[in-house]
Amino acid sequence: MPLPLTTGIETGYPTLADGHRIDQMDRCGHYAHWEEDFELARELGVHALRYGPAYYRTHLAPDEFDWESCDEQMVRLRQLGIEVIADLCHFGVPSWLGGFQDAAFPVLFAEYARAFARRYSWVRHFTPVFQIHRCATRSALTGEWNERESSDAAFVTAMRNLCMAHELAVEAICAERPDAVIVQCERLERPPANGTAAGEPDRWHALRFLSLDLTLGHELAPGLGGYLQQHGVTSNDLSFFRERRARHQRWVGLDYVPSRERGAACAHHWTTPARPAGWPGIAAEHHARYGVPLVHAGSTPDAARAVAWLHERWREALALGASGIPVPVFHWASLTDTIDWSNGASIAANPIREIGLCTLGRDIRPVGEAFVRLGAGGRGSATWGASGTAG
C-alpha cells in the first residue's frame, strides 16, 4: 500500500550573532504566498503538512497569545482536508525569554502548547520542539544561534530545558487531546571543533542519542548521567525524564543526509560495525532502541540528484515497512526551496538551497512531479488511520 505523503513549510526563526532574527517563512515568501503554498500542497497530493505559527510572534508574554498570524491559515488547511503536524517551536523563542538558557522556558512553553491544542482542537499530530539536539548544539556549543554559547555547561542547560519543554508540552497537549500523536524530529550534528568535552569524538558518539533518550525515557549511555549532573541537571530532572509519556503515541522523524554532504567525521559517528551506513541502518538502530514508528525526514542533497534520491528513499521506506519496522508516512522535508543564512541576515549574500518540491517562484520542480506520481496510486487507500499510523 502506498504511504501517505507529507511535507513541511520551513518555519525556523533563530537569532544570529548580529542580532537579526531569521524568519524562514518571511525569507522564503510564505507570509505573502501562504494561500498559494497550501494549494501547491493540495496539488502535490500531500496528506499532511508540518506547519505552525512562528512561536516568537504568537507567544507575547506569560498567558498572552496572539493567534491572528495563523487563524486564517489553520482554517484554510482544515478546509482543504490537509492534516497539520503542528510545529510549535523551531529553533527560536520570543525575545522576552532568555533563550534556551532560561529556566522559565519549559513551563511557559507548555502553557503555549496547551493553548494551541485547545484553540485548534482538530489538530492531532504535534512536533512540540523541532530537532532538539541540533538546536542545543547550534545555540550552546558552536555559538551560531540564539544565545551563541559554546561550553558544556551551556549545552547541558539548553538540552535540559529543550527536553523538559518538549515533555511538559506533551503532557499539556495530551490533556487537551488524549489521542495526540507526537512526531519528534531529530538530526545528527557533526562534532563541534571547539575543544569542549562534548566535542570529543567518543563523547559525541554517546551524546547523539541524548535528546531522544531523555524525551523517550530510555536509559542513558554510561557516564552521561554524571556528565549531566556535573553541569546542573538534578536527580529530580533525571527522574522526570525516566518517565514515559504518551507511550504508544510517538513517531520519530530522522533527518538523514548522505555522508559526503555531512563530512567524514559525521559519517563516522553515524556508522558502527553493528549497523550499515545509510537511512535503513539508522532507522533499524533507532527502532531497536526506542520501538517507535520511524519517518525519513530529510530532503535532497541537491536539485540535480533530487529525483533519484526521492525514489531511493521511497524504496527504502517501503522495504523497512515490509521488514516489520512501522513507517507511517513518507516525508519530504520542504515544500519549497529555502534561503541559507550561513552568510548572515542578508538574503542577497546567501544561496538558495534547492531542496524543495517547488521553487521559491512556486513552480513545481521535477522532484515535485515525481512526488505526485509516487502517491497517485494510493490517494484512496493511503490514509491516516484511527491509531495514528497509516492504514
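**Figure 1. Helix α15 passes helix α16 in a right-handed crossing.** The model shown is predicted. The two helices span residues 306–322 (α15) and residues 366–376 (α16). They pack at an angle of about 25°. Their axes lie 8 Å apart. Angles under 35 degrees count as roughly parallel, so α15 is roughly parallel to α16.

**Figure 2. Residues in the contact between α15 and α16.** From α15 come Ala306, Val307, Leu310, His311 and Trp314. From α16 come Pro366, Val367, Ala370, Phe371 and Leu374. Sorted by class, this contact of α15 with α16 holds nine nonpolar residues and one polar residue. Charged residues are absent from it.

**Figure 3. Histidine 59 in strand β3.** The strand covers residues 59–61. Histidine 59 has a relative accessible area of 0%. Buried means under 20%, so histidine 59 is buried. Its side chain reaches the backbone oxygen of alanine 61 at 3.3 Å.

**Figure 4. Contacts of histidine 59 beyond its sequence neighbours.** Neighbours within four places in sequence are left aside.

Figure 5. Among contacts in the chain with a separation of 6 or more, 74% join residues 24 or more positions apart.

Conventions. Residues are numbered from 1 along each chain as its sequence is written. This is a predicted model: local features need pLDDT of at least 70, side-chain atom pairs count only at pLDDT 80 or more; totals for chains, interfaces and linings use all residues. Side-chain values use heavy atoms; hydrogens and water are left out. Axes are lines fitted to C-alpha atoms, for helices over the stretch in contact, and angles run from 0 to 180 degrees between N-to-C directions. Helices (H or I, at least four residues) and strands (E, at least two) are DSSP runs, numbered from the N terminus. Angles under 35 degrees count as roughly parallel, over 145 as roughly antiparallel, 65 to 115 as roughly perpendicular and the rest as oblique. A crossing is left-handed if the near helix is turned anticlockwise from the far one by less than a right angle, and right-handed if clockwise. Contact means heavy atoms within 4.5 Å. Ala, Val, Leu, Ile, Met, Phe, Trp, Tyr, Cys and Pro count as nonpolar, Asp, Glu, Lys and Arg as charged, and the others, Gly among them, as polar. Buried means under 20% relative accessible area, exposed over 50%, partly exposed in between (1.4 Å probe, protein chains only). A polar contact is a pair of N or O atoms within 3.5 Å; within protein, one must be able to donate a hydrogen and the other to accept it, and residues adjacent in sequence count only if both atoms are side-chain atoms.
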